[in-house]
Amino acid sequence: MAKRGGFPGGMGMPGNMNNLMKQAQRMQRQMEENQKELETKEFTAKAGGGAVEVTVTGKKEVTKVKLSEEVVDPDDIEMLEDLVMAATNEALRMAEEANAEVMNKMAGGLGLGGGLPF
C-alpha cells in the first residue's frame, strides 16, 4: 500500500496534463492550417455600381484592380480615387471578417465562449 505514492489513481494527473498538451498542439496545427487557407482566399468588392472592382487576399494584399472605361474621366479623377478607396476598404473588411470568424471558431474550440478573455 505504501509503495503506491504519487497521485491517487496512478497516472491521473500527469495523464490529463499530457492530454491537454496534445489537444493544445492539435489546436495550434489546426489554427495554422486555417490561417494558411485564409491567406490564399481572395475577397472582391465593387463600388460605383460595379465600375470599380478590387480584389485582396486574406493576407490583405491587393491583387487586382479593375476599372470600367466609363469611370475613367480625366476631369473627375477624385471620383475614381474615392471609388477605388471604397472598394479596397470593403474588400479588406471582408478579409478581416473572415479572419475574425476563423479566430472565433478556434477560440470556441478552446472553451472560451467564442472570444478571447483579453
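What is the order of the 3 strands in the open sheet, and is the pairing parallel or antiparallel? The order is E1-E2-E3, and the pairing is antiparallel. The model is predicted: local features require pLDDT of at least 70, side-chain atom pairs count only at pLDDT 80 or more, and totals for chains, interfaces and linings use all residues. Residues are numbered from 1 along each chain as its sequence is written, and side-chain values use heavy atoms, with hydrogens and water left out.

The secondary structure of the chain comprises 2 helices and 3 strands. Helices (H or I, at least four residues) and strands (E, at least two) are DSSP runs, numbered from the N terminus. Along the sequence the pattern reads α-β-β-β-α. The chain has 118 residues, of which 22% are buried. Here buried means under 20% relative accessible area, exposed means over 50%, and partly exposed lies in between (1.4 Å probe, protein chains only). The accessible surface of the chain comes to about 8,800 Å². Carbon and sulfur atoms hold 55% of that surface. Accessible areas come from the Shrake-Rupley method with a 1.4 Å probe; for residues, only the protein chains shown count as cover. Among contacts with a separation of 6 or more, 43% join residues 24 or more positions apart. A contact means heavy atoms within 4.5 Å.

Strands E1 (42-47) and E3 stand at its edges. Each has a single partner strand, so one side of each is left without a neighbour in the sheet. Neighbouring strands are turned by 15° against each other on average, direction ignored. Axes for this value are lines fitted to C-alpha atoms, for helices over the stretch in contact, and angles run from 0 to 180 degrees between N-to-C directions. Strands count as paired if DSSP finds at least two bridges between them.

E1 and E2 pair in the antiparallel sense over 6 bridges. Alanine 45 stands opposite valine 54 in E2. The two strands form a hairpin with 4 residues between them. In its turn, glycine 48 has a positive phi of about 65°.

Valine 54 stands opposite valine 65 in E3. Glutamate 53 has lysine 66 as its bridge partner in E3. This hairpin likewise has 4 residues between its strands, and lysine 60 in the turn has a positive phi of about 65°.

The structure holds 5 salt bridges. A salt bridge is a side-chain nitrogen of Lys or Arg within 4 Å of a carboxyl oxygen of Asp or Glu. Glutamate 53 takes part in a salt bridge with lysine 46, with the closest N and O atoms 3.7 Å apart. Lysine 46 is exposed, at 57% relative accessibility. Glutamate 53 is buried, at 14%. A salt bridge also links lysine 64 to glutamate 53, and here the closest N and O atoms are 3.9 Å apart. Lysine 64 lies in strand E3 (residues 62-67) and glutamate 53 in strand E2 (residues 52-57), so the pair ties together parts that are 11 residues apart in sequence. Lysine 64 is partly exposed, with a relative accessible area of 40%.

Glutamate 96 and lysine 60 form another salt bridge, their closest N and O atoms being 2.3 Å apart. The pair links distant parts of the chain, 36 residues apart. Glutamate 96 sits in helix H2 (residues 77-109), and lysine 60 in the loop between E2 and E3. Both ends are partly exposed: glutamate 96 has a relative accessible area of 37%, and lysine 60 stands at 40%. Shared partners join Lys46, Glu53 and Lys64 into one network of salt bridges.

A nonpolar patch on the surface is formed by Val62, Val65, Leu67 and Val72. Together these residues have about 320 Å² of accessible area. Patches consist of residues with over 30% relative accessible area and no salt bridge; like charges are joined within 9 Å, and nonpolar side chains (Val, Leu, Ile, Met, Phe, Trp, Tyr) within 5 Å. Valine 62 belongs to strand E3. Valine 62 is partly exposed, at 46% relative accessibility.
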